[in-house]
Amino acid sequence: MKSKILNGQYIANKLQLKISKKVQSKLKIGKRPPGLAIILIGSNLASQIYVSKKLEVCKKIGFISQLWKFSNLVKESKILNLIEKLNKDSTIDGILIQLPIPKHINKKTLFSSINPNKDVDGFHPYNTGLLCQKIPYLRPCTPLGIITLLKYYKIKIKGLHAVMIGASNIVGRPMSMELLLSGCTTTITHRYTKKLKKFTKQADLIIIAIGQANFLTKKWIKKGAIIIDVGINRLDNGKIVGDINFNSIYKKASYLTPVPGGVGPMTVITLLKNTLKVYEQNYYKK
């Protein structure tokens with residue numbers, strides 16, 4: 001048995017084209033383009049790469065993007081003042097704070113200061129609450145991107161036992177809510193989970209986001225399981241790998257996401273879909 005590869009880059013490219021066409025239709029009737037502001041704090045190399053990819057796609061599809069860069073030593077008050085300014089800027093539809101950020105800056109304070117209607121990352125407590133109450137508006141990009149990917153491949157997950165490995169606020173927790181919305185029986189595991197293998201061996205669907213290279217192997221899954229790898233890890237030789245041992249699991253899983261080229265592109269395109277959603281609903285309702 002060989003896994004079917006879930007090509008996130010292919011789906012993201014298709015969605016990118018759709019968004020671009022929508023933007024061009026607005027520009028033709030004299031409307032302004034969607035606007036995205038990205039706040040980058042510090043010199044984290046990975047963050048710089050992620051931001052450059054987001055800016056590149058923005059340019060391709062006709063978005064206006066603003067990049068605000070700050071040093072690791074920037075004061076929290078300066079970022080809050082910028083967010084207040086961007087909240088009031090009618091040409092900016094979405095505000096993104098690139099993670100990670102320095103420890104002296106309170107992440108919760110920053111996210112809470114963003115206008116919930118411009119929170120295209122879906123991290124504001126208001127949007128998190130809507131997701132938990134089954135009335136989502138702006139949803140976290142990685143979890144929603146994963147659901148979109150599964151739908152494009154017509155993979156039916158309703159009724160499946162889904163196991164989430166990792167309980168972060170960015171992926172694990174909102175992903176568990178998305179899985180519940182999709183009708184899964186959901187187990188969320190974390191660093192304190194005992195006998196993790198007992199849960200993964202039962203799972204029809206496993207999503208892993210823990211930042212440990214090659215953690216999950218074929219011994220931990222049942223035959224035919226669907227495996228979604230959110231991890232991005234750089235090995236000593238420079239190779240980028242996920243949280244699963246791809247070669248080990250490839251012959252045992254039914255569906256599998258690669259790293260890179262799986263979840264990552266879906267996260268970026270979902271960010272832009274969220275921005276377009278704000279643009280359309282708040283400014284140019286049909």
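User: Is Lys154 buried or exposed in this model?
Analyst: In this predicted model, Lys154 sits in the loop between helix 6 (141–152) and strand 5 (161–165), and its phi is near 55°, a positive value in a residue other than glycine. Its relative accessible area is 72%, and a residue counts as exposed when that value is over 50%. Lys154 is therefore exposed.

User: Where does Lys195 lie, and what is its relative accessible area?
Analyst: Lys195 is not a glycine, although it has a positive phi of about 55°. Its place is in the loop between strand 6 and helix 8 (196–200). Lys195 is exposed, with a relative accessible area of 67%.

User: Which residues have the most contacts inside the largest nonpolar core?
Analyst: In general, nonpolar side chains in soluble globular proteins tend to be buried together. Here the largest nonpolar core has 48 residues, and its largest share, nine residues, comes from helix 10 (residues 263–282). The residues with the most contacts inside this core are Ile157, Ile207, Ile228 and Leu272.

User: Which residues is Ile207 in contact with, leaving aside its neighbours within four places in sequence?
Analyst: Ile207 is one of the residues with the most contacts inside the largest nonpolar core. With its neighbours within four places in sequence left aside, Ile207 is in contact with Ile146, Val163, Met164, Ile165, Met175, Leu179, Ile228 and Val230.

User: Is Thr187 buried or exposed?
Analyst: Thr187 is found in strand 6 (residues 185–189), where, leaving aside neighbours within four places in sequence, it is in contact with His161, Ala162, Val163, Met164 and Phe199. Its relative accessible area is 19%, and the cut-off for a buried residue is under 20%. Thr187 is therefore buried.

User: How are the rings of Phe111 and Phe123 arranged?
Analyst: Phe111 lies in helix 4 (residues 107–113) and Phe123 in the loop between helix 4 and helix 5 (125–132), so the pair ties together parts that are 12 residues apart in sequence. Both Phe111 and Phe123 are buried. Their ring centres are 5.2 Å apart and their planes stand at 70°, and because planes over 60 degrees apart count as edge-to-face, the pair is edge-to-face.

User: How are the rings of Phe246 and Tyr250 arranged?
Analyst: Phe246 is partly exposed, with a relative accessible area of 28%, and Tyr250, at 25% relative accessibility, also counts as partly exposed. The centres of the two rings are 5.8 Å apart and their planes are at 20°. Since planes under 30 degrees apart count as stacked, this pair is stacked.

User: Which residues are closest to the centre of the second largest pocket?
Analyst: About 270 Å³ of space lies in this pocket, and 13 residues line it. By class, the lining has six nonpolar, six polar and one charged residues. The residues closest to the centre are Gly166, Ala167, His190, Arg191 and Ile210.

Definitions and conventions
Residues are numbered from 1 along each chain as its sequence is written. This is a predicted model: local features need pLDDT of at least 70, side-chain atom pairs count only at pLDDT 80 or more; totals for chains, interfaces and linings use all residues. Side-chain values use heavy atoms; hydrogens and water are left out. A nonpolar core is a set of buried Ala, Val, Leu, Ile, Met, Phe, Trp, Tyr and Cys residues joined through side-chain atoms within 4.5 Å. Buried means under 20% relative accessible area, exposed over 50%, partly exposed in between (1.4 Å probe, protein chains only). Helices (H or I, at least four residues) and strands (E, at least two) are DSSP runs, numbered from the N terminus. Contact means heavy atoms within 4.5 Å. On a 1 Å grid over the protein atoms alone, a cavity is a set of points where a 1.4 Å probe fits but cannot get out, and a pocket is an open set with protein on both sides within 12 Å along at least five of seven lines; lining residues have an atom within 4 Å of a point. Grid points are joined across faces, edges and corners, and a volume is the space filled by probe spheres set on the points. Ala, Val, Leu, Ile, Met, Phe, Trp, Tyr, Cys and Pro count as nonpolar, Asp, Glu, Lys and Arg as charged, and the others, Gly among them, as polar. Rings of Phe, Tyr and Trp (its six-membered ring) pair if their centres lie within 6.5 Å; planes under 30 degrees apart count as stacked, over 60 as edge-to-face and the rest as tilted.
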